[in-house]
Amino acid sequence: MAFDGFVISNLKQELSDCLIDGRINKIYQPEKDEIHLLIKNKRQNFRLLLSASASLPLIYLTGKQKSNPMTAPNFCMLLRKYIQNGRILKIEQPGMERILMISIEHTDELGDLCIKKLVIELMGKHSNLIFIDNEGRIIDSIKHISAQISSVREVLPGRNYILPPAQDKISITELSGFEMFQNRISQFSLPLTKALYSSFQGISPVMARELLFNAGLAPDKTADSLSEEEMTALYKVTTDLASLVCDGRFSPCIYYREKEPVEFSSFPLKVCEQSEKETDRKDFDSISQVLEAYYAEKEALTRIRQKSSDLRRIITTALERTQKKYDLQLKQLKDTTKREKYKIYGEMLHTYGYSIEKGAKSLTCTNYYNNEEITIPLNPDLDPMENAKNFFARYNKLKRTYEALTELTVETKSQLLHLESILTALDIATLESDLIEIREELMEYGYLKRRGSKKGKNGRPAKSKPLHYISSDGFHMYVGKNNYQNDELSFKFANGKDMWFHAKGIAGSHVIVRLETADDLPDSTYEEAGRLAAFYSKGRNAPKVEIDYTRRKNLKKPPASKPGFVIYHTNYSMVSEPDISGIEEL
């Protein structure tokens, strides 16, 4: 979700509470379009990040710092000259625009008090960071916008600062009554969602859908077709939202789907909570925490997906080749089923060959194994014993092929399962250390050439940690994220009486539930562990997954078997949904 006016209003409130009367201690510019202000206030240090990046404009309080260039850029030096040691007087938001203005008091060269403003405009590719004096003239900006670039307004030193065009929108906090609201909405013969964000400042498409959901209206209904009752319902939810903004009653949160952040907001979004796709809401104390967590997690997931793309291609290619090889082996194995027929032909010729006339093309006789009549094709150029010899030769060849293919198909099936388990591990990888372990496994089994890998201090590949959950009954549950972790969890970490869960017959994670002092698990913990095993398996997109579970002591690791592979002969089974919502992760 992009920044909307409500998030900016939430930020204005938070920054005002934390930074008003604070002094700017240090100023940095780690990126060409990003400024960091270190502010001391209320016996605390705050780091304010202001980014005018075209792809990701941001402003929030952060505890993280970036490395800075050896020589400060010109814009950074200008800010240091004027506002370093300056005091923050106020933070303003024009209407519900995506703009914040920070007023800063400082002393000039003569010791007189002066006021400057630092304006951040969060408007996608048009984002900017502008420094203006008390008379509204631009001193400088992090991006210079000339008349050749924009015909709407110039952003250049010496020009008067003017706000971006409001596009005939007003803030919902400025609504003076139902009639005004009705007139603005009804002027558009557009779907309601678009009519809302075209009429009012700061309303994003997501917030427009939220308002319509709360009013019980369909998003595709046109604004000019609303009845009086429907218009009243929409007006009420809009003014209720305006009241929350005016009173500063924000509830910042992030919505997750399968552990991936999908939306953030300054208010709970019922339209997300009631969507067909399951989402989980996580509440935060501040909007800065929301923004930092949301974009950090988004960036991490994007980075992991980019870095895993080459591994995914290697695994997918190997899977396709192995599957083709396996299908061919099964076809060849099926062809060997006729070997017994050739053996019988040879034996029948040894028994009845004396009765065959020279040049005969077939022999019809009784098969003494089942007393049924059988017709044996013959080569008329060969005598009966030579024909029998040919049949025995074909039988022996097919028999050797059968014996070889029986072993090969088992080995190829094992390779398929191994590759599927690696692909499943790649699907749930969230850290670079997870990718390192997957890459190491691919190199160990020859799917990837070894050209050196990232090592830990002991010379081994850097290890990632298994996922750790706690059940509603307080039992600790651990999930292996790859085959190495599965082996370590099951054979080094778990005790004999601990419970082990795994998706039946498909690739997936080992789930270990520690019993510690208990003798058995409550039903709810069995159910939650089964859901974990279903979700972290190849069947995570299926409606139901069959799960095997047993005591850890019943597991065995066959000699020379691949990592993550175990056998067991004593187990129970259950059917679980691959849904882990509500299970607490530690």
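In which order do the three strands of the open sheet lie, and is their pairing parallel or antiparallel? The legends below take up this point and then move to other parts of the model. This is a predicted model, in which local features need pLDDT of at least 70 and side-chain atom pairs count only at pLDDT 80 or more, while totals for chains, interfaces and linings use all residues. Residues are numbered from 1 along each chain as its sequence is written, and side-chain values use heavy atoms, with hydrogens and water left out.

View 1. The strands follow the order β11-β10-β12, and their pairing is antiparallel; helices (H or I, at least four residues) and strands (E, at least two) are DSSP runs numbered from the N terminus, and two strands pair if DSSP finds at least two bridges between them. At the edges are β11 (260-265) and β12 (280-283), each of which pairs on one side only. Neighbouring strands of this sheet are turned by 30 degrees against each other on average, direction ignored. Helix α8 (residues 287-335) packs on the sheet and touches β10 and β11, with its direction at about 155 degrees to that of β11. Here contact means heavy atoms within 4.5 Å, and axes are lines fitted to C-alpha atoms, for helices over the stretch in contact, with angles running from 0 to 180 degrees between N-to-C directions. Strand β10 (residues 253-257) is joined to the antiparallel β11 by five bridges, and Cys 253 has Ser 265 of β11 as its bridge partner.

**View 2. The largest pocket.** This pocket holds about 1500 Å³ of space. On a 1 Å grid over the protein atoms alone, a pocket is an open set of points with protein on both sides within 12 Å along at least five of seven lines, a cavity is a set of points where a 1.4 Å probe fits but cannot get out, and lining residues have an atom within 4 Å of a point. Grid points are joined across faces, edges and corners, and a volume is the space filled by probe spheres set on the points. Of the 47 lining residues, Arg 257, Glu 258, Lys 259, Glu 260 and Tyr 536 lie nearest the centre of the largest pocket. Elements that each supply at least two residues of this lining include β10, β11, β12 and α10 (384-427), whereas α8 gives the most, with seven residues. By class, the lining has 20 nonpolar, seven polar and 20 charged residues, where Ala, Val, Leu, Ile, Met, Phe, Trp, Tyr, Cys and Pro count as nonpolar, Asp, Glu, Lys and Arg as charged, and the others, Gly among them, as polar.

View 3. Strand β6 (residues 99-107) pairs with strand β7 (residues 113-121) in the antiparallel sense over nine bridges, and His 106 has Cys 114 of β7 as its bridge partner. These two strands form a hairpin with five residues between them, and Gly 111 in the turn has a positive phi of about 85 degrees. Strands β7 and β8 also form a hairpin, with six residues between them and with Gly 124 in the turn at a positive phi of about 60 degrees. Their antiparallel pairing runs over five bridges, and the partner of Val 119 in β8 is Ile 130.

**View 4. The aromatic pair of Tyr 82 and Phe 131.** The structure holds 21 aromatic pairs, and in one of them Tyr 82 and Phe 131 are tilted, at 5.8 Å centre to centre and 55 degrees between the planes. This pair links distant parts of the chain, with Tyr 82 in helix α2 (residues 74-83) and Phe 131 in strand β8, 49 residues apart. Rings of Phe, Tyr and Trp (its six-membered ring) pair if their centres lie within 6.5 Å, and planes under 30 degrees apart count as stacked, over 60 as edge-to-face and the rest as tilted.

**View 5. The largest cavity.** About 50 Å³ of space lies in the largest cavity, and the structure holds one cavity of 30 Å³ or more. Among the lining residues are Ser 421, Thr 424, Lys 481, Asn 486 and Ser 509. Helices α10 and α12 each supply at least two residues of the lining, and the largest share, three residues, comes from α10. The lining divides into two nonpolar, eight polar and one charged residue.
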